[in-house]
Amino acid sequence: MKKTFQNLIHNKKTKIFLIGGVLLGIFFYCGSVIIGQVTDISRLNAQKASYAQQIEEQKRENEELDAILQSENKDEYMEQKAREKGYVKSNEIVFYDISGSN
């Protein structure tokens, strides 16, 4: 008796192995997808925590700047920040040390 593919499919053991193989393949595929999703969720939660920390730091800095702007010495603060960036008053004479000595 010659065995063909049709005969193999009709064999009960072959059907069980075929279905088992397909189910096993689906199981491993779903498992790998779930593991990938868990990894992504973990990474995104860490990123979320980092962003939350940055937001809190920015809020504190904004509160400090707001307090400075509401204070009496805001002009001195703004002048200090301008000088840190290299700005000078229009009537000031600027000297540059080019001697190279420290």
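Hi everyone, here is a short tour of the protein chain shown above. This is a predicted model, where local features need pLDDT of at least 70 and side-chain atom pairs count only at pLDDT 80 or more, while totals for chains, interfaces and linings use all residues. Residues are numbered from 1 along each chain as its sequence is written, and side-chain values use heavy atoms, with hydrogens and water left out.

Let's begin with the overall layout. The chain has three helices and zero strands, running α-α-α from the N terminus. Helices here are DSSP runs of H or I with at least four residues, strands are E runs of at least two, and both are numbered from the N terminus.

Now, how much of the chain is buried? Of its 102 residues, 0% are buried, meaning under 20% relative accessible area with a 1.4 Å probe, counting protein chains only. The chain exposes about 10000 Å², with 61% supplied by carbon and sulfur atoms; areas come from the Shrake-Rupley method with a 1.4 Å probe.

Next, please find helix H2, residues 12-70, which holds Val 22. Val 22 is partly exposed, with a relative accessible area of 48%; that class lies between 20% and 50%.

Finally, look at where H2 and helix H3 (residues 74-84) pair up. Their axes, lines fitted to C-alpha atoms over the stretch in contact, come within 7 Å and cross at roughly 120°. In H2, Leu 65, Ile 68 and Leu 69 meet Lys 74, Tyr 77 and Met 78 of H3, where contact means heavy atoms within 4.5 Å.

Notes: Axes are lines fitted to C-alpha atoms, for helices over the stretch in contact, and angles run from 0 to 180 degrees between N-to-C directions.
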